[in-house]
Amino acid sequence: MTEIFGTTGQDSLEITQIGSIAFGGAAADTITGATNANPSGSRIYGGSGADEIYVENGDTVFAGAGDDTIYNDSGANNRLYAGAGNDKIYGNSGDILVGGVGDDQFWFEPGASETIILDFNKNSETEADKIVFDSLTGIGSLDDLAPLDITTSPGDTLVKLEGGTVIATVKGVTDLTAEDFVFNFVKDNAPSNFPGAVDLGTISNETKEQPGSFSTEDLADMYKFNLAARSDVTIDLSGMSPSSNGDVFLIKDSDGNGNFDPSKDEFFGSSQNSNNADEQIVSPALATGEYYVLVTQVEGLTNYNLSVQAAEIPLVEDNAGSDFLQAAPLGELTSNITQAGSVSSNDLTDVFSFTTAPNTTVNLTLSGLDATNYADVFLVKDNGDDAFDPNTDTIIGFSQNDDGSDQAIDNALLLDGGEYYVVVTQVMGAMNYSLTLDVA
């Protein structure tokens with residue numbers, strides 16, 4: 001038998017031999033029982049302080065005074081005495097749990113069964129113990145359990161799943177109510193396809209938070225949101241438990257058929273980190289419209305928090321008027337020129353002017369458009385009335401794509417030289433654009 005002693009300070013002790021005894025002493029200690037041992041049969045004394053104690057099989061724990069946490073992730077048949085303080089005990093198969101004096105929590109995770117709680121204290125003036133269900137699939141309230149089974153002799157309560165599995169026997173208590181339970185499993189009601197996706201609404205210069213969960217029985221959750229303006233979008237998936245892993249994807253229903261098809265729909269980003277690391281997608285300058293967020297289970301089951309943030313991109317102040325008299329001057333076109341601008345439903349037309357020598361060839365490009373936010377562009381010689389009229393002015397060239405691709409006027413020959421105008425007209429949505437004039 002090996003004896004392990006801590007100090008009066010904060011210690012980290014690890015038991016490596018079966019049947020050892022560990023003494024944490026004062027302060028907040030971390031003590032880990034022997035792993036891969038069945039049974040390990042160790043005795044662990046936490047001492048005073050907020051200790052963290054990890055057990056395996058057949059261990060006996062006396063955590064002592066302080067707000068202690070005792071973990072049994074996969075072992076069985078332990079005796080866990082938390083002692084005085086507001087303690088948390090994670091019970092597993094065949095464990096005997098004693099909270100002691102204080103507001104104690106008895107936690108149960110997937111796989112736990114046949115535990116015994118010896119000293120559950122209902123809500124009173126001095127103590128308020130709780131039975132906590134953490135990430136058990138589909139268990140979000142007392143209604144999701146089997147009816148509480150109260151035995152008349154000796155007067156205990158059996159807490160069971162719907163299938164009959166006994167999670168815990170609460171000794172000496174026959175009047176448990178919903179107030180004695182905490183349910184940490186989120187029932188998100190999110191489907192795995194576009195139809196019925198949980199609607200986060202229109203997101204504009206704000207962050208929407210959505211709790212959810214996944215498991216081996218709930219492999220994917222679909223959410224949707226809408227952008228009313230071009231925005232920078234950030235999506236975060238966080239809060240996953242240590243034994244779980246999930247990924248997140250940002251999608252648009254490109255073919256418009258209302259059903260998710262990874263071979264046809266457009267992906268705007270994904271995050272697929274390993275283990276339970278937080279996931280994040282940063283997608284700049286997304287166009288207006290409807291988008292979907294898909295959360296997929298990779299491993300385990302857990303609650304999670306989904307966060308969708310959208311920051312609208314402000315429109316550029318271009319000082320371009322809507323007719324030739326108010327045109328923003330670009331100067332003489334002797335070299336390439338790039339000009340930023342914007343159009344919207346409140347600013348339908350931008351006019352720019354430039355001068356050039358005779359027989360100059362120009363290539364013009366209007367970029368920064370998309371399928372729901374686009375504009376047309378015209379290269380014009382004024383007929384003399386100072387207002388743009390495509391029916392009377394001399395149109396040197398124009399581009400009117402309606403699919404969000406760049407507008408382009410190539411190899412426009414300006415025979416006469418002098419003053420010319422570029423007219424940008426809004427067709428749909430609102431956008432910042434980039435206007436480029438290249439001297440060929």
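A strand, as the word is used in these legends, is a DSSP run of E with at least two residues, and strands are numbered from the N terminus. The model shown is a predicted one.

**Figure 1. Ala285 in strand S25.** Ala285 is found in strand S25, which covers residues 279–286. The phi of Ala285 is positive, at about 55°, although the residue is not a glycine. Its relative accessibility is 34%. Since the partly exposed class lies between under 20% (buried) and over 50% (exposed), Ala285 counts as partly exposed.

**Figure 2. Asn77 in the loop between strands S8 and S9.** The loop that holds Asn77 lies between strand S8 (69–71) and strand S9 (79–81). Asn77 is a residue other than glycine with a positive phi, near 60°. With a relative accessible area of 54%, and with the exposed class set at over 50%, Asn77 is exposed.

**Figure 3. The largest pocket and the residues closest to its centre.** The space in the largest pocket comes to about 510 Å³. Its lining is made up of 23 residues, and Asp73, Glu109, Ser241, Pro242 and Ser243 are the closest to the centre. Strand S10 (88–91), strand S12 (105–108) and strand S27 (302–312) are the elements that give two or more residues to this lining.

**Figure 4. Residue classes in the lining of the largest pocket.** Ten lining residues are nonpolar and ten are polar. The remaining three are charged. Asp73 and Glu109, both among the residues closest to the pocket centre, belong to residue types that count as charged. Pro242, also in that closest set, is of a nonpolar type.

**Figure 5. The whole protein, for placing the close-up views.** The protein has 36 strands and zero helices. Its radius of gyration is 34 Å, well over the 22 Å that the globule rule gives for 440 residues, so the protein is more spread out than a compact globule. The C-alpha trace spans about 105 × 45 × 45 Å along the principal axes.

Figure 6. Of the 440 residues in the protein, 46% are buried. Among contacts with a separation of 6 or more, 57% are between residues 24 or more positions apart.

How values were computed: Residues numbered from 1 in each chain as written. Predicted model: local features only at pLDDT ≥ 70, side-chain atom pairs only at ≥ 80, totals over all residues. Heavy atoms only, no water. 1 Å grid on protein atoms, 1.4 Å probe; cavity = no way out; pocket = protein on both sides within 12 Å on 5 of 7 lines; lining within 4 Å. Points joined across faces, edges and corners; volume = space filled by probe spheres on them. Helix = DSSP H or I, 4+ residues; strand = E, 2+ residues; numbered from the N terminus. Rg over C-alpha atoms; globule rule 2.2 N^0.38 Å. Buried < 20%, exposed > 50% of the residue type's maximum accessible area, 1.4 Å probe, protein only. Contact = heavy atoms within 4.5 Å.
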